[in-house]
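Please examine the sequence and the model shown below before reading on.

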Amino acid sequence: MKLNYICHKIRDNKEITIIYQLITRVLYDIISIFRKISKRGKYAYLRKYENIHKGERCFIICTGPSLNYHDIHLLENEYTFGMNSLCLGFREDTFRPTYFGIQDINVYNRVKEALCMEEDLTVFVSSYLERKCKVNKKNWNVLPYNGIYNSFEMNYFHKKKVRFGNDISCMVYDGYSITYTLMQVAAYMGFKEIYLIGADCNYTPGKQNHFIEHGNSGSVDRMLLAKELMEYSYTYAKKILERKNIHIYNATRGGMLEIFPRVNLEDVLSVSHSNGGMRERKNEK
């Protein structure tokens with residue numbers, strides 16, 4: 001009881017909290033540099049994913065209300081990243097993404113029963129989620145997740161701030177959504193074209209806001225803030241990816257996300273990728 005009381009008092013003390021967050025941010029940066037130099041440590045195994053899909057294309061399947069099973073199945077022969085509540089449809093559908101990502105504890109607690117039933121799915125989880133939820137499963141990869149580097153600016157100056165990780169074995173940075181995290185993973189894997197589907201970025205009170213609702217919408221203010229933060233992080237991701245000569249497009253049907261160039265999903269799929277890809281290799285088997 002005394003320890004809990006002390007912890008609450010520390011959190012309530014603004015000056016101590018500021019110092020703690022600044023020190024933690026510096027420590028995270030030092031740890032990231034050490035991992036880069038030493039090429040060892042808990043997350044070194046993630047280097048097996050570096051450029052594993054060099055020059056190819058992938059699709060990040062977001063969970064907005066525009067997503068549907070027809071479009072999902074169009075991607076069966078493509079490299080895909082699923083996320084969050086997409087796994088709630090696994091019991092009724094045969095589609096499985098190539099990779100799956102989840103980092104939010106509240107979302108995980110709502111979908112973990114369905115997700116944990118998947119024995120062969122390659123999953124990426126945040127180190128924060130692993131630590132809090134004691135996640136330890138075969139084919140689950142833990143990303144060294146930094147979710148505190150931008151909290152100082154947000155909490156005390158209401159200023160948005162994002163970073164983009166170049167090496168997922170060193171650090172992956174929070175960008176206010178799992179989609180942003182998966183962009184970092186996709187870039188590290190060497191994908192040169194990234195397509196988003198189901199990225200509506202449109203939160204309307206009283207209406208369906210997810211492909212499969214899972215009780216995680218929150219208040220109107222929270223939904224509007226989420227949209228604002230995601231758009232900010234996506235704008236930054238676009239700038240960074242362009243520097244890396246990685247092209248990102250929005251193949252979502254409708255929605256309000258206009259940061260990335262719009263493309264038609266069928267038009268994209270009608271053109272074989274210049275470097276081949278899962279589609280052609282599967283057909284060769």
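This is a predicted model: local features need pLDDT of at least 70, side-chain atom pairs count only at pLDDT 80 or more; totals for chains, interfaces and linings use all residues.

Residues are numbered from 1 along each chain as its sequence is written, and side-chain values use heavy atoms, with hydrogens and water left out.

The protein contains 10 helices and nine strands; these are DSSP runs numbered from the N terminus, helices being H or I of at least four residues and strands E of at least two. Of its 285 residues, 49% are buried, where buried means under 20% relative accessible area, exposed over 50%, and partly exposed in between (1.4 Å probe, protein chains only).

Asp167 is found in the loop that runs between helix 6 (151-157) and strand 7 (172-173). This residue counts as buried because its relative accessibility is 9%. Its side chain makes a polar contact of 3.3 Å with the side chain of Lys36 and another, of 2.6 Å, with that of Ser169. A polar contact is a pair of N or O atoms within 3.5 Å; within protein, one must be able to donate a hydrogen and the other to accept it, and residues adjacent in sequence count only if both atoms are side-chain atoms.

Val26 belongs to helix 2 (residues 14-38). Because its relative accessibility is 47%, Val26 counts as partly exposed.
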